[in-house]
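Work through the following exercises with the sequence and the model at hand. Each task is followed by a solution in steps.

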Amino acid sequence: MRLVILGGPGAGKGTQVANLCEAFAVPGISAGDLLREAIAQKTELGRSVKSKVDRGELVEDQDMIPFMRDRLHQKDVANGWVLDGYPRTAFQAEELEFLLDGMNQSLRYAVYIEVPPEELLRRSLGRGRSDDAEAVVQRRIKLFHECTAPLLEYYAMRLKLLKINGNQSAEAVEEELLGRLGAQYRV
Ligand code: AMP
């Protein structure tokens, strides 16, 4: 099972990724966690992306694409994964498709957890992470709508988009999500 999870900051992606990983027994790969790890370890990539991540700006495609390509080639994710926070731009999505084609793999669905912007803001401000100051959160929400929302169209055209109502409790989102994936499986 290979899934991409899309949603603005505070959409509840992390929680649902954990549920999906458990349900399908595959590892989760969080682009944001990998970047924060690289920053903490002060790797070359970590040093070059730190200021962007701190400001809530998107890391350049040319840095992100090889970074994720390396991660997706590792053995622990050979049999499937749930990707959280990647792709975030149309170019990343295209490159992911090329990468998977080349590896004889394919994406099953892009799951969009839909939450209205005002609710994203309310939830994100409650998290208290260093990159969660209000101006940064507002910027991340704006970037989501500008850069990532076009991916919805991209995946819809490929009949891979699964839209889930994220404006409900985490349990209700989980139920809807697993139900929809299960239902799609029986088709
Ligand atoms: P996240 O934890 O997914 O919200 O990501 C935290 C930060 O990492 C984002 O605000 C971006 O600065 C950066 N980031 C994560 N994923 C990507 C991506 N796919 N493309 C560009 N930047 C990213």
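**Exercise 1. Overall fold**

Task: State the order of helices and strands along the sequence of this predicted model, and count them.

Solution. Reading along the sequence gives the pattern β-α-β-α-α-α-β-α-β-α-α-α-β-α. The secondary structure amounts to nine helices and five strands. Along the principal axes, the C-alpha atoms occupy a box of roughly 45 × 40 × 30 Å.

**Exercise 2. Burial, surface and contacts**

Solution. Begin with the cut-off: a residue is buried when its relative accessible area is under 20%. By that criterion, 44% of the 187 residues are buried. Next, consider the contacts with a separation of 6 or more: residues 24 or more positions apart make up 74% of them.

**Exercise 3. Packing of H2 and H4**

Task: Describe how helix H2 packs with helix H4, and classify the residues of their contact.

Solution. Two packed helices are described by the angle between their axes and by the distance between those axes. For H2 (residues 31-40) and H4 (residues 61-72), the angle is about 100 degrees and the axes lie 12 Å apart. Angles of 65 to 115 degrees count as roughly perpendicular, which makes H2 roughly perpendicular to H4. On the H2 side, the contact involves Ala 31, Leu 34, Leu 35 and Ala 38; on the H4 side, it involves Met 64, Phe 67, Met 68 and Arg 71. By class, the contact of H2 with H4 has seven nonpolar residues, no polar ones and one charged residue.

**Exercise 4. Packing of H5 and H8**

Task: Give the angle and axis distance for helices H5 and H8, then list the residues that meet.

Solution. H5 (residues 90-102) and H8 (residues 150-157) pack at about 35 degrees, with 9 Å between their axes. H5 contributes Ala 90, Ala 93, Glu 94, Leu 96 and Glu 97, which meet Leu 151, Tyr 154 and Tyr 155 of H8. Sorting the residues of this contact gives six nonpolar, no polar and two charged.

**Exercise 5. The buried residues of H6**

Task: Which residues are buried in helix H6, and against which helix do they pack?

Solution. Within H6 (residues 117-125), the buried residues are Glu 119, Leu 120, Leu 121 and Ser 124. The buried residues of H6 pack against helix H7 (134-148).

**Exercise 6. Backbone features in loops**

Task: Locate the cis peptide bond between Tyr 86 and Pro 87, then examine the positive phi values of Ala 25 and Lys 42.

Solution. The peptide bond joining Tyr 86 and Pro 87 is cis, with omega at about 0 degrees. Pro 87 sits in the loop between strand E3 (81-84) and H5.

Ala 25 is not a glycine, yet its phi is positive, at about 50 degrees. Its place is the loop between helix H1 (13-24) and strand E2 (28-30). Lys 42, another residue other than glycine, has a positive phi near 55 degrees. Lys 42 belongs to the loop between H2 and helix H3 (44-55).

For accessibility, the cut-off for exposed is over 50%. Ala 25 has 70% relative accessibility and therefore counts as exposed. Lys 42 has 57% and so counts as exposed.

Conventions
Residues numbered from 1 in each chain as written. Predicted model: local features only at pLDDT ≥ 70, side-chain atom pairs only at ≥ 80, totals over all residues. Heavy atoms only, no water. Axes fitted to C-alpha atoms, helices over the stretch in contact; angles between N-to-C directions. Helix = DSSP H or I, 4+ residues; strand = E, 2+ residues; numbered from the N terminus. Parallel < 35°, antiparallel > 145°, perpendicular 65-115°, else oblique. Contact = heavy atoms within 4.5 Å. Nonpolar A, V, L, I, M, F, W, Y, C, P; charged D, E, K, R; others polar. Buried < 20%, exposed > 50% of the residue type's maximum accessible area, 1.4 Å probe, protein only.
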